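Let's take a walk through this model together, from the overall fold down to two individual residues. Have the viewer open and follow along.

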Amino acid sequence: MKGAWRLAARNLRRNRRRNLAVGLAITIGFAGLSLMGGYFARVDIFLRTCAVYLQHGGHLRIYHKDGFDRALAKPARFSLTQAQQDAIRQAAAEDPRVALTAGYLRGMGLAGNGCRSVPFLALGIDPQDERQLRNHPDVLRYCGDLALPLRGRPLYQAADVEGGIGLASGLSALLGKTRVHDDFPRPPPVAALPDCNRPGMAALFAADASVQLAGAAFDGSVTALDAEVVQIFHTPSIETEDLELHAGLAMLQRFYDTDSVSYMALYLRDERDAPEVGRQLRARIESRGIPAAVYEFTEEKVNPYYVGTMTFIRSMAGFIILIVSAVVVLGVMNTTTITVYERSRELGTLRALGYRKSQVVGLMLREVFLIGLSGILSGLVLAQAVAWIVQAANLRVKPPGVPGTMQIVIPPNLVFSFWVGALMLSLSLAVAWLVVGRRLRERTSELLIAINA
Amino acid sequence: MVRNWFIGKIGLAALLLLGSPQARAQAVTAEALLQESDRARGGVAGGITWNATVEAEEEGQKTSRSFLVKARENDALVEALAPPRHKGEIMLFNDRIIWFIKPGLRRPVSISPRQRLSGDAANGDIASTNYARDYQGTIAGEESVNGEETYLLELKARGKNVTYDRIRYWISKKKHLGVKAEFLTVSGTVFKTAAFEYGSVLRSPAGDFPFVSVMTIRDATGSGAVTRILFETPRAEKHPVTMFNINNVVR
């Protein structure tokens, strides 16, 4: 059927207003879905980057067997010893897909300002690992705001400060430590015993950056250490804002009197390799006789917030796609039905001239395809324009469960947009095929004398 | 006829109730029992000093730590003696606040009485016991513990800053000494138990009375860990109030 596409294009001009309305519905629906896909993809990568790099979870996490649940309560038994760490590092080094292997120590205790003590949850990080992670391209691109300290300098730049620690902003507020080491060019003398009942204590607490840490060492004995606040930071989760404390791994190991770590995290060059690398690593660790458990970053147990949020978002996205697609399909069905009934005589004439049913159906489907494709392409342009405007306006939102704000960036996700476009087009064609096919089941003579709607 | 029968039944019930162990136990108040039992665990009005050794055994590992404890009413000064690396560390109990002081530490840091001292012993276990002040007690019944008749007391913490939320405490009827305790979480789960021995005698101007010599703490969560606190050479000593002032201790 030569010239069918040209004929279909020409036919579209006959009902311009109606076809324009359908095209617009597709344009707006597709642009909306495309932007939604962009926003959800952005949330996904933001939360994933936070969980993997900023929360130091890694793509794969290795604990002593049962260590995930019990290392905090019984650290001496459920932490990874120096020998086990060495063996795990060796096993990880055999895989070129592993970019970095880092050890972390988690511990609890009380941080005091001389008058009151508040509980903390500490994370000991090797400063060089921290430097590498904070400067990872994904962190700089997607979590740049959260990666920067609110005040002070990163721990990896504070090697000159004895006992340097970072406090989450909530914890620093609870302790009244609102200023950091760098705010005092000449370190002030630390009042050994402030009069805790004196009014205006907040000013006294903020008069230095000194904090005392107390806790239980690995052997169960009470331990204490002087620390100096070098940075105040936001944690990637609001739940840990009043608790989190970061310190150098060596310093925290000294505090808890151990050379063990709570877990080791592996950072991969490509996150999609996590299942395969994890499987092979499990086998290698097992062959070395280490009682360990390996978790992937997509497991809810280790990243409940990321996995839970994304499961919810995916369900919501599916529901919205269903609703929007239904609206578009109903619009196409309505338009096609009216068009087919209006053009019944034309269809009958084509049949009488010897056109096969499939050829007539093909002509109508071409028309629907052209409307759909124009709508999708216009939708993509519209989505890009809206995304550009939103980005230029620097709109910020406070994501649930995350302290601070993040800029709304909704660049349409091309893969997602392609599949949504394909779905909408396929459904439109399917509906058109049903409507036209049904009408063409009638006799040609009846089509020829049909009264136009 | 019916009225007489009814009065008779009530009279019989009253007689049975008054004669029950619970009714008899009410005659002895929970507070008085706690005050008497506290005296044998360091809760004495004058000054007192003893040495405490905490021996812990957990998963095949044995540890031992020694302390010198000086107590006066609601205050106590606990000084670590051994092992050598802990020597010089001090815990100062000011009423319900505990300060931890370590040589070289810029400021004292307040710690919790619930924090583990060693093994299953909490910081609050080693100093003088003042259950009468810290807990609201009620006599819940009478039981025999290792052949000894006891009152069973249910203790609930009066405030947050105490060592345990809830305690079941068995006090000997005859000696008015605590012989057994179960320590419970807020939800009522027993997480450790303790048994007390009174092999020492504290000689004081007020007279001689038995003093706790061993507190054996067992983990109730299935780990099998056992911690023994040995209270040795208790002696009545007058301690000045200034001894328990944080400013003086830090200097």
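Chain A holds 17 helices and twelve strands; helices (H or I, at least four residues) and strands (E, at least two) are DSSP runs, numbered from the N terminus. Before going further, a word on conventions: this is a predicted model, in which local features need pLDDT of at least 70 and side-chain atom pairs count only at pLDDT 80 or more, while totals for chains, interfaces and linings use all residues. Residues are numbered from 1 along each chain as its sequence is written, chains are lettered from A and ligands numbered from 1 in the order in which they are written, and side-chain values use heavy atoms, with hydrogens and water left out.

Zoom out first. The C-alpha trace of chain A spans about 105 × 60 × 30 Å along its principal axes. Its radius of gyration is 32 Å, whereas a compact globule of 453 residues would have one near 22 Å (taken over C-alpha atoms; the globule rule is 2.2 Å times the number of residues to the power 0.38). Of the 453 residues, 52% count as buried, meaning under 20% relative accessible area with a 1.4 Å probe, protein chains only.

A:Met264 sits in strand S9 (residues 263-268), and it counts as buried because its relative accessibility is 0%. A:Ala102 is 162 residues away in sequence, yet the two C-alpha atoms are 5.5 Å apart in space. Leaving aside neighbours within four places in sequence, A:Met264 is in contact with A:Ala102 and with others including A:Leu60, A:Ile62, A:Leu80, A:Ile88 and A:Gly103.

Next, move to the loop between strand S7 (222-233) and strand S8 (244-248), where you will find A:Thr235. Is A:Thr235 buried or exposed? A:Thr235 counts as buried, because its relative accessibility is 2%. Its side chain reaches the backbone oxygen of A:Ser237 at 2.6 Å, and a polar contact of 3.0 Å joins it to the side chain of A:Thr240. Such a contact is a pair of N or O atoms within 3.5 Å; within protein, one must be able to donate a hydrogen and the other to accept it, and residues adjacent in sequence count only if both atoms are side-chain atoms. Not counting residues up to four places away in sequence, A:Thr235 also touches residues including A:Leu146, A:Ala168 and A:Pro403.

Technical notes
Buried < 20%, exposed > 50% of the residue type's maximum accessible area, 1.4 Å probe, protein only. Contact = heavy atoms within 4.5 Å.
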